[in-house]
Amino acid sequence: GKVWEAVFPLLNTYARVPVCGLIAQYNLGDAPPAGPDRLPSLMRQVLTRSLTIRGFIQTEFADQRPAFLEEAAGWIASGQLRYCEDIVDGLENAPEAFRGLLEGRNFGKLVIRVAGE
């Protein structure tokens, strides 16, 4: 998607690229994306720049979650780690918010707030 197109030219030789989601492709089903086939060019760059691309699913690392949460909480408290949330109020707004997520209308983690604090 657009994030890949922005990041790919900036990759250094020997870069490691985690692939953890393909949200830009979710609505395509089995249809190929519109436009030219960029796979041959991508593979040439993977080869000539010695890139490592690895897919992962977050459940592979579930056992590391408690340690991560403890460490990340410290980073957030110290300002070393910042995050962005797109908060939508009301469960009744969840379907439209989800459509927006799939269309790239949000930035950061999408959160549906169903009740006040």
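A residue counts as partly exposed when its relative accessible area falls between the buried range, under 20%, and the exposed range, over 50%. Glu96, at 40%, is therefore partly exposed. The close-ups below all come from a predicted model.

**View 1. Glu96 takes part in a salt-bridge network.** Salt bridges with shared partners connect Glu96, Arg99, Glu103 and Arg105 into one network. Glu96 pairs with Arg99 at 3.0 Å, N to O, and with Arg105, where the closest N and O atoms are also 3.0 Å apart. Look along helix H4 (residues 94-102): Glu96 and Arg99 sit 3 residues apart there, so about one helical turn separates them. Arg99 is partly exposed, at 43% relative accessibility.

**View 2. A salt bridge joins Arg113 and Asp89.** Their closest N and O atoms are 2.5 Å apart. This pair links distant parts of the chain, with Arg113 in strand E4 (residues 109-113) and Asp89 in strand E3 (residues 85-89), 24 residues apart. Arg113 is partly exposed at 30%, and Asp89 is partly exposed at 45%. In total, the structure has 6 salt bridges.

View 3. The whole structure holds 2 aromatic pairs. One of them is Trp4 with Phe8, a tilted pair with 4.9 Å between centres and 35 degrees between planes. Phe8 is buried, with a relative accessible area of 13%, while Trp4 is partly exposed at 31%. Arg49 lies over the face of Phe8, 5.1 Å from the ring centre.

**View 4. Phe56 and Phe61 pair edge-to-face.** Phe56 is partly exposed at 23%, and Phe61 is partly exposed at 32%.

Technical notes
Residues are numbered from 1 along each chain as its sequence is written. This is a predicted model: local features need pLDDT of at least 70, side-chain atom pairs count only at pLDDT 80 or more; totals for chains, interfaces and linings use all residues. Side-chain values use heavy atoms; hydrogens and water are left out. Rings of Phe, Tyr and Trp (its six-membered ring) pair if their centres lie within 6.5 Å; planes under 30 degrees apart count as stacked, over 60 as edge-to-face and the rest as tilted. Buried means under 20% relative accessible area, exposed over 50%, partly exposed in between (1.4 Å probe, protein chains only). A charge sits over a ring if NZ of Lys or CZ of Arg is within 6 Å of the ring centre and within 35 degrees of the ring normal. A salt bridge is a side-chain nitrogen of Lys or Arg within 4 Å of a carboxyl oxygen of Asp or Glu. Helices (H or I, at least four residues) and strands (E, at least two) are DSSP runs, numbered from the N terminus.
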